[in-house]
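Here's a quick walk through a two-chain model, starting with one chain and then looking at how the two meet.

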Amino acid sequence: MRYEVGGRSAPRTLTAAAVGGLLFLHLPLALILLYAFSTEDSSYQFPPPGLTLRWFGVAWGRQDIWDALGLSLRVAACSTSIAMLLGSLAAAAMAKTRFFGRESISLLIILPIALPGILTGISLRSAFNLAEIPFSTATIVLGHATFCVVMVYNNVVARFRRMPSSWIEASMDLGADGFQTLRYVILPNIASALLVGGMLAFALSFDEVIVTTFTAGQQSTLPIWMLTELVRPHQRPITNVVAVFVIAVTFAPLVFAQLLTRRAEGAGEGGVR
Amino acid sequence: MAGALQWPLRQRPGRRISTALLLRPKLLLALLILPPLLWLGVVYLGAMLALLIQSFFSIDAFTGMIQRTFTLSTYAELLRPAHLDIILRTAAMAAAVTLASAVIAFPIAYYMARYATGRTKTIFYLAVMLPLWSSYLVRVYAWKLILAKEGIVTWLAGALGVGSWLDALLSVPVIGGAALSVSYVGTFTVFVYIWLPFMILPIQAALERIPQSLIEASADLGAPPHRTFRNVILPLAFPGVVAGSIFTFSLTLGDYIIPQIVGSSRLFLGQVVYLQQGTAGNIPLAAAFCVVPIVVMSIYLSIAKRFGAFDAL
């Protein structure tokens, strides 16, 4: 610990500003948790007049929410699978090679999350219109997979760079062919990076709203359902419950991905966008 | 491993293919990169190019049909006062959000980089990372609850006896409004909240890289801590601030959800793009508006590069 020399402690104003900043980042989410139990159903009144568990039951019985959740999970599963395949192929190709156009390809992979989502969304929408492709689950997946590739790519390419090429050579020297080396040496070594990348891609797709508004047509994913409620609130208590559910669903894999990355590599590479 | 190698060497299926591939590394490379390249090239770049081309088309004022002949008239429309207003308003908001994020982020990053150790450091790191990955919509929604007229801010201001301050803030022309949730102050707060982690992380990375010896040298040469901070730490951390500002600026330019949920009826660039392509059906104008953030960001990036921001990423 470089900076621990002399065991100095931080000035009080600095500590206060830092802790204050973190509270600013986290208190709003705690507030949603409180609101999910509020008995008030037509305004955002604070403090809540009373607390109840009723809304969880009401939300559980809502078919439109189940449909939206089902669509979100299907879309996230499909786009994550595509992203895992394309992302690891790209990572395998780019990890230890130098070739003409390599920089442009790595830029192309990052571009879908580097440029504002609205650009991706409107481009895809107008392209679907031009090509007369009707909006469906497939068009949503097409958009999502495009920006999920980079999540898998980032994680897997870092793992490939860390894997000594001597392992592959050793496998070949021992008589394994390319496919056996892939199955018994390469895949086991990139497995956890692939898993972390996949989970991040899943979380990204599950939560995505900007591109989805352009590619979804009449269907509602869970974020689209929420967006509709946010713009014109009709059923505040149900929205609160759904919000709490989304927090729970997204936090769990993230913490898990963090722990997995830390355990596998000692330092977090997976979490960085 | 043993089970895999029980095939007699020459009979193993696929061996011939794999040998053929391994002997031609360029072919193998091409086969690996082709599927992702095709996907991104066709789906993403193809769609982007199609959009850019449409920005050079125009819409017939009478029939509402898109005319597919090359023209710059759509770009000229961007310069109409109403449109120019929207572009300037969005850029001003992005600049304000960037400035505020830097001010709030710096102490957090500084504490993380120079004082937090061991467990505290892990907790800080996770606390900054988690919001990045948790639901964007839910985080915006939280602020709809907070900023509502009947919400916690009004209640808190009343409880602390400073309700009149809040009213004074809301009565300021332009940035105020009927309630925080329908004012620019509200939009601004939510933008800062949502993009803050993007600012913290690069600053923290830049601060981490400052060698302790530089700071000791400055102290040895007689500089009091505040001078060391101003003349040594701040200049070295600045590329990190610029790197963070790339995110906060670009993300604010392109966002259309936040001003739609928390904000006044005066539109931002993203909302105009959304409306033009949707209800108005004016894809050429929407496409031309899309080019604005691309151009602004290209200029911004070339300036940022001079400040060494890319080394701080």
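This is a predicted model: local features need pLDDT of at least 70, side-chain atom pairs count only at pLDDT 80 or more; totals for chains, interfaces and linings use all residues.

Residues are numbered from 1 along each chain as its sequence is written, and chains are lettered from A and ligands numbered from 1 in the order in which they are written.

Chain B has 14 helices and two strands (DSSP runs, H or I of at least four residues for helices and E of at least two for strands, numbered from the N terminus). Its radius of gyration is 26 Å, well over the 20 Å that the globule rule gives for 313 residues, so chain B is more spread out than a compact globule. That radius is taken over C-alpha atoms, and the rule is 2.2 Å times the number of residues to the power 0.38. The C-alpha atoms fill a box of roughly 85 × 75 × 40 Å along the principal axes.

Now for the contact, where two residues count if their C-beta atoms, placed from the backbone, lie within 7 Å.

| Chain | Residues in the contact |
|---|---|
| chain B | 78 residues |
| chain A | 74 residues |

On the chain B side, helix H2 (residues 25–54) gives the largest share, 17 residues. Zooming in, A:Leu142, A:Thr146 and A:Val149 in H6(A) meet B:Pro36, B:Leu40, B:Val43 and B:Tyr44 in H2(B).
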